[in-house]
Amino acid sequence: MVKVENDAKKNKYQTLRRVAELAFTDQVNEEHLEAIPGELIQGSQPHFRCCVYKEREIIRQRVRLATGKLPSGMKEPEGRQNVITVIPAACEGCPINRYRVTENCQKCLAKKCMNACPFGAITMTGRGAYIDPDKCRECGRCAQVCPYNAIADLVRPCKRSCPVGAISINEDKLAEIQEEKCISCGACMRDCPFGAISDRSYMLKAIEWIRSPYPTYAIIAPALEGQFGPNASMGKLKTAVKLLGFTDVIEVGLGADAVAQHEAKELLERVEAGGKMTTSCCPAFVELIRKHYHALIPNMSHTVSPMVATARWIKEKERDAKVVFIGPCVAKKTECQDETVEGGADCVLTTEELLAMFDAKRIDPEKCEDSQQDASRYGKGFAQSGGVTGAVLQALTEQLGTTPSIVAHRCDGAAECKKALAMLASGKFPADFIEGMACIGGCGSGPAMVQNERLYQQTRKKLLAEADGRTIGENLAQHGMEKISMER
């Protein structure tokens, strides 16, 4: 079974697991929730912060997030809920001042740093240059001109990792997320070494549906295969998730097959009309276009994501069904709230939340019985960078009977996505088809992954090689996907 080794993630996991245990036994109440910080942080000696009182306060805020609430004192925004948020009590481990003078300072006569500073923040002392934090405006000119590279630029990890500049530092020197810029990729959450940025959980809602008379289906992302050990195939994962109490479990790879087929036809029409097209399956990539490259919205594929396609397929057969998507992606929680797309999942859980639920119910996927898989190898491939392109070109080959002469480009990570979109906006991008993945490596490397990156890639490669050789067309014909609308 997976072991959470990262201390920053361990606190989150322990909180989620305890809340899941309470939910499955119908004991979610104020008394039990308030007891969690004391249960997890015992004694008087601190484990990871200055004192046990601070540690318990951080756990207290994590409990709020685990139950679907924002940390204390934060207001709900208008419109859709923000999925990723800062835990104020945990956000204080990073250097407060961005620019610092190191021991490399030679107290040189030129004093270029002093002369370059427009705010008079730098003075020369007997020990070298000194930057007054009250005057510094973090323009960076001092660091640029220092001939000894003696001024260190200590950008906070969350701010450095954000591809769209959505992280700012408020007057209390705490990180803040600017919702109008945020694409919910979760890079800040993944890179914060103190776990001070986290996602809001909808686990209680999912468990409530599981324990209710509602027919509740889980749809599990292709990226789950490889997250829970070398022997946890997609068939075993389906069995394990069903043991949590779901009515049934379906691979989202089935929806990915449908997306590949529909997007292939759409791409061919676009290219024949002289146009170019981007993918629309990565919700963070979609948000990147909507918020930062608005003029390129017409270039975006009209095809729904595999999550939506799979949910629509289930709801076509069972109108009253509740559908819960599970995967390593946090941006899917934002997509779930997208009111412009109908018939999608009703709730999203991450791989971290699934692990907590497995452990709360003492379920080990590797020891579960194998079951029938729902997707072709190409649909499963959506989990990795380049997989969407491969599936779409395969679908085109199946439809045309020959390999199409289409130039495709895959963007591995948000930085590459931004570069490609900027070139497309300027009319200088040569490719016909742009696959955008906000996470380097693909969905499996999402911010809520639970497996070590290297082990995940090794395991996934092994499990994918064991998949059967059914084609995309054969698989879709077998499942009757032709009745489902694939339009956004």
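**View 1. Salt bridges in the predicted model.** Across the whole structure, 23 salt bridges are found (side-chain nitrogen of Lys or Arg within 4 Å of a carboxyl oxygen of Asp or Glu). The model is predicted, so local features need pLDDT of at least 70 and side-chain atom pairs count only at pLDDT 80 or more, while totals for chains, interfaces and linings use all residues. Residues are numbered from 1 along each chain as its sequence is written, and side-chain values use heavy atoms, without hydrogens and water. One network of salt bridges links Lys9, Lys12, Asp199, Lys333, Glu352 and Glu353.

**View 2. Arg18 and Glu39.** The closest N and O atoms of this salt bridge are 2.9 Å apart. Arg18 belongs to helix α1 (residues 7-24) and Glu39 to helix α2 (residues 30-40), so the pair ties together parts 21 residues apart in sequence. Helices are DSSP runs of H or I, at least four residues, and strands are runs of E, at least two, numbered from the N terminus.

**View 3. Glu287 and Lys291.** Their side chains form a salt bridge at 3.7 Å, N to O. Both residues lie in helix α11 (residues 283-292), four residues apart. Glu287 is buried at 6% relative accessible area, whereas Lys291 is partly exposed at 30% (buried, under 20%; exposed, over 50%; partly exposed, in between; 1.4 Å probe, protein chains only).

**View 4. Phe228 and Phe358.** The search of the whole structure gives one aromatic pair (ring centres of Phe, Tyr or Trp, its six-membered ring, within 6.5 Å; planes under 30 degrees apart are stacked, over 60 edge-to-face, the rest tilted). The centres of Phe228 and Phe358 are 5.4 Å apart with planes at 75 degrees, so the pair is edge-to-face.
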